[in-house]
Amino acid sequence: MDPMTEVKMASKQVLLVTRDRGRQVARELPREAELRLDFKGVEVASPSFLDELIKGVAANGTSKLVFLNVSKSTRKRLELLKSLQDSASTTYPLLLVED
Amino acid sequence: MSIHVTVNGALNQDTFARSVSAVKDDEQVLEINLRQCNFVDSYSVIELLIIMRRAERANWKTLLTLPRRKQMSNYLSGMGLLELMSDTVKVSGSKPRPRKPDGDQFLPVTPLDLAAGEFGIEELCNFAYPNLPYSLREEFIDSLAEIGSNVVQHADAYYAFISGQRLDVPYRGRLPPRLHLVVGDTGIGIRKSLSQAQPEVGEMSEEDAILRAIEPGVTGRPGINSGVGLYTILESVKGLGGEMRIRSGSATVVFNRQGRTVLHTPGVPGTVVSVELCRPSG
């Protein structure tokens, strides 16, 4: 099986904070079925950025998204977004967080 | 109607509501009397700027009486009130020195560049970030980004102001370093903004609309946004033992670990959101 494509998010920005930025980053990501996003070096990933990133990645056709090296607060935000996604009609990719 | 802001002593986020009165008359006057004022915080400066800009838009006459103490007038000038208010305001009192922001204002009171959209907010985040204490950086940037973006996306405002201040003294059990973010706009307010997507909110009080806006998953743009911004900020604030204050129209709701309190300020327009982050306490 091919290893999943991994992207260093800090190469985009260290402050990932707006919806516009989330959409832009999602557009730049490889259109793969599975992606690993490494947040090492990212100082802030705001809820709106993450929301837009995940939606954009879903629109790219990615069905599995693995988050690496996220802060405690980013992990909490991802859990919140997942819980809201459960009650929304939007189809999100499978979100996994790895230490 | 006329609106009067009369200050005897300190004008801050706790005293602002009781300093404002609205009188039903045939006048269209905004009168701000700071003659006896001996302190003003960035929250109040932004509130005053919002009221003044709205009065200008409605062609009201605006009168501003500066503090009797020259030192206080200079401080007000340093906070940007005189530089950022409209040119049509009639000012009485001795002329203060030109604006020179105080050192504790790592983000001096500044107009938001609404035309720049969210990338303008991102620029502000990048500007403020290096000056923030490590322990509160993430929460402050989150708050600035989410509240600033709300103004850009939802407020339909023609003016908005923002400020960030570091305070190194304890206040009401909140421990330093304390970071105070204030974002205010002249826009349509939370009730009207939310009611565009949820018509039932239009029938609510401003206070109930604020409480609705803070719930996770509630947004003025359902299907586009997820409604996580304000909720996330409030969770951070509660976790740290800080305070979040949302004024929309005449209602202000103050949230902290102890619960919430509601204040009423008659006749004031727009929305002002302030967040105080502080060193975590037990």
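How many residue pairs are in polar contact between chain A and chain B, with both at pLDDT 80 or more? The count is nine, a polar contact being a pair of N or O atoms within 3.5 Å, where within protein one must be able to donate a hydrogen and the other to accept it, and where residues adjacent in sequence count only if both atoms are side-chain atoms.

1. Basis of the note. This is a predicted model, in which local features need pLDDT of at least 70 and side-chain atom pairs count only at pLDDT 80 or more, while totals for chains, interfaces and linings use all residues. Residues are numbered from 1 along each chain as its sequence is written, chains are lettered from A and ligands numbered from 1 in the order in which they are written, and side-chain values use heavy atoms, with hydrogens and water left out.

2. Extent of the interface. Contact (heavy atoms within 4.5 Å) involves 24 residues of chain A and 21 residues of chain B. Between them the two chains bury about 2100 Å², with 54% of it on carbon and sulfur atoms; buried area is the accessible area, taken with a 1.4 Å probe, that two parts lose on being put together, summed over both.

3. Charged pairs across the interface. The rule finds three salt bridges between chain A and chain B, a salt bridge being a side-chain nitrogen of Lys or Arg within 4 Å of a carboxyl oxygen of Asp or Glu. R21(A) forms a salt bridge with E122(B), and the closest N and O atoms of that pair are 2.4 Å apart. On the side of chain A that touches chain B, at least two residues each are supplied by α1 (19-28), β4 (44-45), α2 (47-59) and α3 (72-86) of chain A, where helices (H or I, at least four residues) and strands (E, at least two) are DSSP runs numbered from the N terminus. The largest share of that side, six residues, comes from α3(A). By residue class, the side of chain A that touches chain B divides into nine nonpolar, seven polar and eight charged residues, with Ala, Val, Leu, Ile, Met, Phe, Trp, Tyr, Cys and Pro counted as nonpolar, Asp, Glu, Lys and Arg as charged, and the others, Gly among them, as polar.

4. The sheet of chain A. Four strands form an open sheet in the order β1-β3-β5-β6, with parallel pairing; two strands pair if DSSP finds at least two bridges between them. Its edge strands are β1 and β6 (94-98) of chain A, each of which pairs on one side only, and the twist averages 20° from one strand to the next. Helix α2(A) packs on this sheet, touching β3, β5 (64-68) and β6 of chain A, and its direction makes about 145° with that of β5(A); axes are lines fitted to C-alpha atoms, for helices over the stretch in contact, and angles run from 0 to 180 degrees between N-to-C directions.

5. β1(A) and β3(A) run parallel and are joined by four bridges, and E6(A) has R36(A) as its bridge partner in β3(A). R36(A) also forms a salt bridge with E6(A), the closest N and O atoms being 3.2 Å apart. This pair links distant parts of the chain, with R36(A) in β3 (residues 34-38) and E6(A) in β1 (residues 5-8) of chain A, 30 residues apart. Over all chains, the structure holds 25 salt bridges.

6. The five-stranded sheet of chain B. The order in this open sheet is β2-β1-β3-β4-β5, and the pairing is mixed. Its edge strands, each pairing on one side only, are β2 (20-23) and β5 (90-92) of chain B, and the twist averages 15° from one strand to the next. Strand β4 (residues 61-65) of chain B pairs with β5(B) in the parallel sense over three bridges, and T65(B) stands opposite S92(B) in β5(B). Helix α2 (residues 42-57) of chain B lies across β1 (2-11), β3 (29-40) and β4 of chain B, running at about 165° to β3(B).

7. Backbone points to inspect in chain B. Most residues other than glycine have a negative phi, and most peptide bonds are trans. N59(B), in the loop between α2 and β4 of chain B, has a positive phi of about 60° although it is not a glycine. The peptide bond from P176(B) to P177(B) is cis, with omega near 0°, and P177(B) has its place in strand β8 (residues 175-185) of chain B.
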